[in-house]
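Thank you all for coming; I will take a few minutes to walk through one model. Please keep the picture in view while I talk.

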Amino acid sequence: MLRRVSSPSLPVVSASSPPHADEGHWLVPRADLARYENATPRRAGIDRMVWAIAEAMFCTDEGPPDAPRLAWLCDDLRDFLHHAGPRARWTVVLALICTFWLSPLLLGHAPPLDRLPPRERAKALDGFEHGSLLTSAAMLAIKALLCILYFEHPDTAARVGFDPRCKTGATP
Amino acid sequence: MTGRIFSARAEKRPLELDCDVVVVGSGAGGAAVACTLAEAGQKVIVLEEGPHVPAEKYQAFRPSETMRTMWRDGAVTAVLGRGDTPMINLTMGRCVGGSSVLTGGVCFRVPGRVLRTWQTERGLEDLSEEALAPCFEDVERSVHVERVPENMRSRSTSLFALGAERRGFHMEAMSRNTRGCQGCGRCNFGCPKDAKMSVDRTYLPRAVAAGALVVSDCLVRKVLMRGRRAVGVVGDVQGEVGGSVRVRARLVVLAAGSFHTPGVLARSGLGRESGQLGRNVTLHPGFRMIARFREPVHGWQGSLQSVYSEAFEAQGITLTGLFVPPGVLAATIAGFGPEHARRSLDLTHMAVIGGMLHDEGGGTIHSPPWMAPFMTYRMDPRNRATVPFFLRMMAETFFAAGALEVFAPVFGAPPMDADAFARFDFESVPSSKLECSSQHPLGSCRMGIAPGNSVTDSYGAVWDVDGLYVADGSLVPTSLGVNPQLTIMALATRVAWRLRDLPAA
């Protein structure tokens, strides 16, 4: 039996084996997502910033991602920062704060970011990405981390046609 | 002593241990030393800062779970660029097995031209190809180095190789430490099939079988001294509860990697006489190019790295095939919202190539006592001047293979078709806009022939200290221009053989 890695929010390794047999090890097991079915928007702390940025970043022509997926993303990011250590925590939280409070100013809007509708937010983030070294670095850190996590969601993977199999046809 | 791996966190009281040899760090260098000396009958203790994640656990991790658990700082470590230098994302392992668990498995011996530089410019005449050959042979047997067969290449790599042929250069098959690779394309997150022969699957189990203790979650702070002799180390248990560790030993081997070994020496007041401690660090600054093809590529299906080319060695460039997870690909697409979402539908059509610069040593590790080490780096102007050529060459090779557009490693740059790319002025892109990464910090305690310009001798012995050795990538005196894990293991093996044969041992 595998031991569970201590985490306040997300089981890193499930107790039963094989843990990711259905989607391969690239993706979150669907069983871990069941508890988010009735999730509601989060409006406080880091979650508020992540929610606002992710809603804009991953907004499609059909609109922003649904609440369960964003709630899972918030939890997974917090789990990431919990495990990754203080330097990662400070770097990412600082980048989130800068982006959340400063990016609307580039469009001439008052902060914070979640006062804007998602498509306007996307423009603000775009401005931040094209800005100075510091704003692009902050945006890069957040974009990279959120994309890495978000594309491990099985629905996102399915949307882009990601087929998590090895060259030999085996599931990882 | 019965060998085992255990966490220092599990101990209720301060850990006090005695042994013949204490090895600080369990990565490529430390594991090779521990194995060699344990099998020679010495009582060995290995101290590792990171956690012990058994293979059956990391095999089930998603990439981001590996990043948060086994990579240093969740892979967000940044090297601060000085002058006309990009900020560089530096990724390193922090777990039992170190970066060896998280490499693509690429294995190269030190190129002959580099060894000749060591001999002629650094005076290291005992480091010839012939002298090092037994070390490399021993390591290659231990970690099972084999050539990647052509049928394990990913479509991403095959497309670049096709472009290379059309442009008149050839991609060679590379060697890796694998056995039974199934081409899952995610070696750098821990092999899910137990096929990569990283040190946690090779050297460390052998060391433990021979009686070595491997203690995880233990950060070594200082070397204990008695007069001019190293007699052990002290460290802290990692985690919220904390605690201390003290190990007394006849010999101390530092193998904490180029990033941390200089810090241990600096905090101990050792190795500073030459003024070279923590300096001369080379990184192999890396750049990638992503290309979109009309056909599906599914670039993660195949060996993560399978080919290389030294066709541009004159310009200081080594090309290596690679791939990155879909989320990383998505992060390289400029823009946000619906436009980004539409473009991400093409992720399965994207191919990736990477390469690294054979750089001059412009890096410095800073190890202030009140915080974790950090690094600054000044890119040599000749290396910096090569970057536009480097990026053009990779993109034009993809276009020669039929790519529709490329995603250059320039922050915020839109995808470019061949015409737009030809018009793009790479020379005027400021360094602050370049996306650059590194996995190979080397040389922070470089070896040499005299205390005036080096930290150790060619066997890793720290000058003017008895019983203290370095056996990791920080020994490497110049950039290698190729992936370093095999070199690190070979140099560490050479150090270990020396220690094994010392009269006192």
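This is a predicted model: local features need pLDDT of at least 70, side-chain atom pairs count only at pLDDT 80 or more; totals for chains, interfaces and linings use all residues.

**From one glycine to the interface**

Let me begin with G98(B), which, if we leave aside its neighbours within four places in sequence, is in contact with S26(B), G27(B) and G93(B), where contact means heavy atoms within 4.5 Å. Residues are numbered from 1 along each chain as its sequence is written, chains are lettered from A and ligands numbered from 1 in the order in which they are written, and side-chain values use heavy atoms, with hydrogens and water left out.

Where in chain B does G98(B) lie? It is found in the loop between β5 (88-90) and β6 (106-107) of chain B, strands being DSSP runs of E with at least two residues, and helices runs of H or I with at least four, both numbered from the N terminus. G98(B) counts as buried because its relative accessibility is 8%, and the cut-offs here are under 20% relative accessible area for buried, over 50% for exposed, and partly exposed in between, with a 1.4 Å probe and protein chains only.

Turning to chain A, we find six helices and zero strands, and of its 172 residues, 54% count as buried. I97(A), which sits in helix α3 (residues 86-106) of chain A, counts as partly exposed because its relative accessibility is 37%.

How do the two chains meet? The contact takes 59 residues from chain A and 57 residues from chain B, and the area buried between them is about 5,000 Å², of which carbon and sulfur atoms give 65%; buried area is the accessible area (1.4 Å probe) that two parts lose on being put together, summed over both. On the side of chain A, W26(A), R87(A) and K167(A) lose the most area to chain B, together 16% of what that side buries.

How many salt bridges does the rule find across the interface of chain A and chain B? There are six, a salt bridge being a side-chain nitrogen of Lys or Arg within 4 Å of a carboxyl oxygen of Asp or Glu. D61(A) forms a salt bridge with R342(B), and the closest N and O atoms of that pair are 2.8 Å apart. As for the helices, α5(A) gives 10 residues, the largest share of the side of chain A that touches chain B.
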